[in-house]
Amino acid sequence: MNHLKTNNHWWQEAVVYQVYPRSFQDSSGDGVGDLAGIIQRLDYLKKLGISAIWLSPVYQSPNDDNGYDISDYEQIMAEFGTMADMEQLIDEAQQRGIKIIMDLVVNHTSDEHPWFIESRSSKDNPYRDFYVWRTGLDGSCPNDLESTFLGSAWQLDEPTGEYYLHLFSQKQPDLNWENPNVRQAIYDMMNFWIDKGIGGFRMDVIDLVGKIPDQKITGNGPKLHDYLQEMNAQTFGGKDLLTVGETWGATPEIAKLYSDPKRNELSMVFQFEHVGLDEQPGKSKWDLRPLQIRELKNVFSKWQTELGDQGWNSLFWNNHDLPRIVSRWGNDSTYRIQSAKMLAILLHMLKGTPYIYQGEEIGMTNRVIQDIAEMEDIESKQMYADRRQKGYSQTEIFASINAKGRDNARTPMQWDDTENAGFTTGIPWLAVNENYHEINVAQALADKNSIFYTYQKLIELRKNHPLIIWGSFELVEDTTEEVFAYYRHYQGESWLIVCNFSDQEQGFSLDKTPSETIITNTEKDYKQLFDRTLEPYEAFVVNLSNHAR
Ligand code: GLC
């Protein structure tokens, strides 16, 4: 099968690393990560080999939702540093061949943003229509729309007696995208950042901006794609920036609307179909059920094959909203190293742009909590209050929070085995995982068999093998359920990727002799025909073409 490169953008060949600045590196001793801390760690990221950093929000914010509630898009949060630090970060990253992708949070602002302060002040203020205001019905909410963080999405505001919409917390009022002045203000702000030399935008809950709250339409509203085409034309269009939309409800058909190159919208989207596979269907993320590997194979195969040339995949296990993958679908005790490497190999051999979330490359794990005092995240706190009121037991609630809570991803980065894992000399804003004595960057760099070097090698392989970037995908069907195996084919060459997704041995046979082992998490030599047993979490990639390159 011959597949030609059709598009060719830097972001199709890139691996992106997500930094959650609050938890990455504190340089000032106040217990909160900062920009100067990120600059100190750029050489580490260069060694890993990544091409871009997605920086979770660093803008001025009262931190109701850790920076996803912005009160000034053109100022840096004081805890994180100054605009001069930001410019230095962009510059120093660029010197190391790393682009900075900013988080664009424009579905809503903070209620402390000057636009909202004006907007709520009176019904005839020029900024009134920057947000979504409605009169109540018989003294209660305009309708029963719910916030993602639970409770009504409408908040009565005393000064004018009307309700404003907030699809997230009460301190995150939704912007009114139907107002052209809102859109223009956003585009101007985006151009302010583009002019600073950034490499692109990750667009927070972008699928919500076309909402029609009166009809209770939130995601995928009718004008959504018009807005994105307008945004593209007025900001990043023609500049080859990486733009990735966070789109929880995307199907492959919807994803193509965003990322078909002919439509001039975004580079790619984050779709979350695999992320929901350990939830009870039709319920929330907190209602747990075990992952079925068969379903994971189906979902990945669907996304790998259906976008074709009309879209581009993003590949991820983790981000700041999701639990740690090694604790979630790997094994964070006996097989932590094996399973973390298996998960890395499985994901990084797929077609699309891989994203690594800070600490994933050293196999950081969830941190189990036993007390509400240990929770920082607004989503978990609101869920706790809601479920206590509904009569759920503490045990049930903590089982959900420990499995899925967002604080799992947000514990500080584990750099070394000194106090607070080298993250801060002060008191960390969120407790460091106690396992930092064993799991930390210094340890990983010193051990040539560490998870870090598997990630480094995967990134290096992607740079050197067009097959990984452009090759087609074919699932191997005749395996046991727990073995996830697939081929990549490109210009007459075929690679086979085999991953044992379980803590049990599995059988696997092959009728062709591999010519070369590309990468593995074992010591085995695969250059022979085999019909044999895979170890727990064993993963390998072999070249099946007749000749080694
Ligand atoms: C996105 C962010 C999440 C945030 C929410 C509201 O889902 O990833 O962290 O809470 O949007 O901005």
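Biologist: Why is Asp240 called partly exposed?

Modeller: Asp240 has a relative accessible area of 33%, and the term covers values between the limits for buried, under 20%, and exposed, over 50%, with a 1.4 Å probe and protein chains only. Since 33% falls in that range, Asp240 is called partly exposed. This is a predicted model, in which local features need pLDDT of at least 70 and side-chain atom pairs count only at pLDDT 80 or more, while totals for chains, interfaces and linings use all residues. Residues are numbered from 1 along each chain as its sequence is written, and side-chain values use heavy atoms, with hydrogens and water left out.

Biologist: Where does Asp240 sit in the chain, and what is its phi?

Modeller: Asp240 belongs to the loop between helix 6 (224-234) and strand 10 (242-246), where helices (H or I, at least four residues) and strands (E, at least two) are DSSP runs numbered from the N terminus. Its phi is positive, about 50°, although Asp240 is not a glycine. Most residues other than glycine have a negative phi.

Biologist: Which loop holds Gln491, and how do you know that Gln491 is partly exposed?

Modeller: Gln491 lies in the loop between strand 15 (483-490) and strand 16 (493-500). Its relative accessible area of 46% places Gln491 in the partly exposed class. Gln491, which is not a glycine, also has a positive phi, of about 45°.

Biologist: What makes Trp54 a buried residue, and which residues does Trp54 contact?

Modeller: The relative accessible area of Trp54 is 2%, so Trp54 counts as buried. Trp54 is part of strand 2 (residues 52-55), and, leaving aside neighbours within four places in sequence, its contacts (heavy atoms within 4.5 Å) include Tyr17, Tyr68, Asp103, Arg202, Phe270, His320 and Tyr355.

Biologist: Why is Phe501 called buried, and which residues does Phe501 touch?

Modeller: Phe501 has a relative accessible area of 5%, and is therefore buried, although its place is in the loop between strand 16 and strand 17 (506-509). Not counting residues up to four places away in sequence, Phe501 touches residues including Leu291, Trp317, Trp329, Met342, Glu482 and Tyr537.

Biologist: What class does Asp417 fall into, buried, partly exposed or exposed?

Modeller: Asp417 is partly exposed, because its relative accessible area is 48%. Asp417 sits in the loop between helix 13 (407-410) and helix 14 (441-446), and touches Tyr436, His437 and Asn440, not counting residues up to four places away in sequence. The C-alpha atoms of Asp417 and Glu438, 21 residues apart along the chain, are 7.4 Å from each other.

Biologist: How do you know that the protein chain is as compact as a globular protein of its length?

Modeller: With 16 helices and 20 strands in the protein chain, its radius of gyration is 24 Å, close to the 24 Å that the globule rule gives for 549 residues, so the chain is as compact as a globular protein of that length. The radius is taken over C-alpha atoms, and the rule is 2.2 Å times the number of residues to the power 0.38. Of the 549 residues, 62% count as buried, and the C-alpha atoms fill a box of roughly 75 × 50 × 45 Å along the principal axes.
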